[in-house]
Amino acid sequence: MPHTLIITGASAGIGKALAWEFARRNCRLGLTGRRLEALEQLQSELHEQTGVEVHIARVDVDETDIVEQSVLALCAKLGEVDSIIINAGINNFTRVGNGQLADETAIIRTNLIGAMATANAAVSYFLEKGRGQIVGISSLASLQPIPSQAAYCASKAGISMYLDALRIEHKDNNIDVTQIRPGFIKTEIMENIDRYPFAISAEQAAKEMAKAILARRKDVFVPRFPWSLFRPALGHLPDKIWKRFK
């Protein structure tokens, strides 16, 4: 039976690129996002061009009280799910002390609290099933502070730690956890991303991610080179290296 995945935040950016990459690999898909019209269009294009089975559901991860219900309903539609990819997220350039607390709060709510709600739904499903894989799309920013990205860094550091603890809690329950830390990916979520080092396209990122997910790798940097080589230094780089990006 083909590998079956659910991808949150699939209507754009990395989530959309992952949907195309897994469809090309003949995987069955469940796609969620806030924009139902965009999901419907993606569903139609994927089916027309690849022939894969695609189910969709409108899920806003900020609506935490119904996330589990929505995810489990999509699992029921698919019949059996092997992997749930927690991808839904937002970003914005924010400056501390610049009157942007509302923007920062929104980032934390979606990227951390919404991701936690999705992770809880995934664990609930996989405990019932007896096995499964949870994939969290974190970020290089979970390890390296970046100016004008304080809230985003905090949200990704938070979900990374949450996923690490989840993995330990459920190690004996046949639930694998794959954490992916993208570097700078060219998507509509962020403008002027080319000014950051080693930026790559969402399509290239999705190819690397898909390979790591299907291999059930534990902790992955994308692109793997050079970021995997820099890992020991991340979080310890001199401030002056990042100062020009503020």
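Figure 1. L229 has a relative accessible area of 60% and is exposed (exposed means over 50% relative accessible area, buried under 20% and partly exposed in between, with a 1.4 Å probe and protein chains only). The model is predicted, so local features need pLDDT of at least 70 and side-chain atom pairs count only at pLDDT 80 or more, while totals for chains, interfaces and linings use all residues. Residues are numbered from 1 along each chain as its sequence is written, and side-chain values use heavy atoms, without hydrogens and water. L229 belongs to helix α7 (residues 224-230); helices (H or I, at least four residues) and strands (E, at least two) are DSSP runs numbered from the N terminus. Together with F198, F225 and F230, L229 makes a nonpolar surface patch of about 450 Å². Patch residues have over 30% relative accessible area and no salt bridge; nonpolar side chains (Val, Leu, Ile, Met, Phe, Trp, Tyr) are joined within 5 Å, and like charges within 9 Å. Accessible areas come from the Shrake-Rupley method with a 1.4 Å probe, and for residues only the protein chains shown count as cover.

**Figure 2. Strand β4 and its two neighbours.** In β4 (residues 83-86), S83 and I85 point one way and I84 and I86 the other; all are buried. In a regular strand the side chains alternate between the two faces of the sheet. β4 pairs in the parallel sense with β1 (residues 4-7) over three bridges (pairing requires at least two DSSP bridges between the strands). I84 of β4 is the bridge partner of I6. Four bridges join β4 to β5 (residues 132-137), also running parallel, and here G136 of β5 is the bridge partner of I86. The path from β4 through helix α4 (residues 101-129) to β5 is a right-handed β-α-β unit: with the strands pointing away from the viewer, the path from the first strand over the helix to the second runs clockwise.

**Figure 3. Salt bridge between D62 and R109.** The closest N and O atoms of D62 and R109 are 3.9 Å apart, and the pair forms a salt bridge (a side-chain nitrogen of Lys or Arg within 4 Å of a carboxyl oxygen of Asp or Glu). D62 lies in the loop between β3 (54-58) and α3 (64-78) and R109 in helix α4, so the contact ties together parts 47 residues apart in sequence. D62 is partly exposed at 22% relative accessibility, and R109 is partly exposed at 37%. The structure holds 12 salt bridges.

**Figure 4. Salt-bridge network of E80, D82, K129 and R131****.** R131 and E80 meet in a salt bridge with an N to O distance of 3.2 Å. R131 is in the loop between α4 and β5 and E80 in the loop between α3 and β4, 51 residues apart. K129 and D82 form a salt bridge, their closest N and O atoms being 3.6 Å apart. K129 is in helix α4 and D82 in the loop between α3 and β4, so this pair ties together parts 47 residues apart in sequence. K129 is partly exposed at 23%, whereas D82 is buried at 14%. Salt bridges that share partners join the four residues into one network.

Figure 5. The whole structure contains zero disulfides (a disulfide is a pair of cysteine sulfur atoms within 2.5 Å). For C75, the nearest cysteine sulfur is that of C27, 15 Å away. C75 is buried at 2% relative accessibility, and C153 is buried at 10%.
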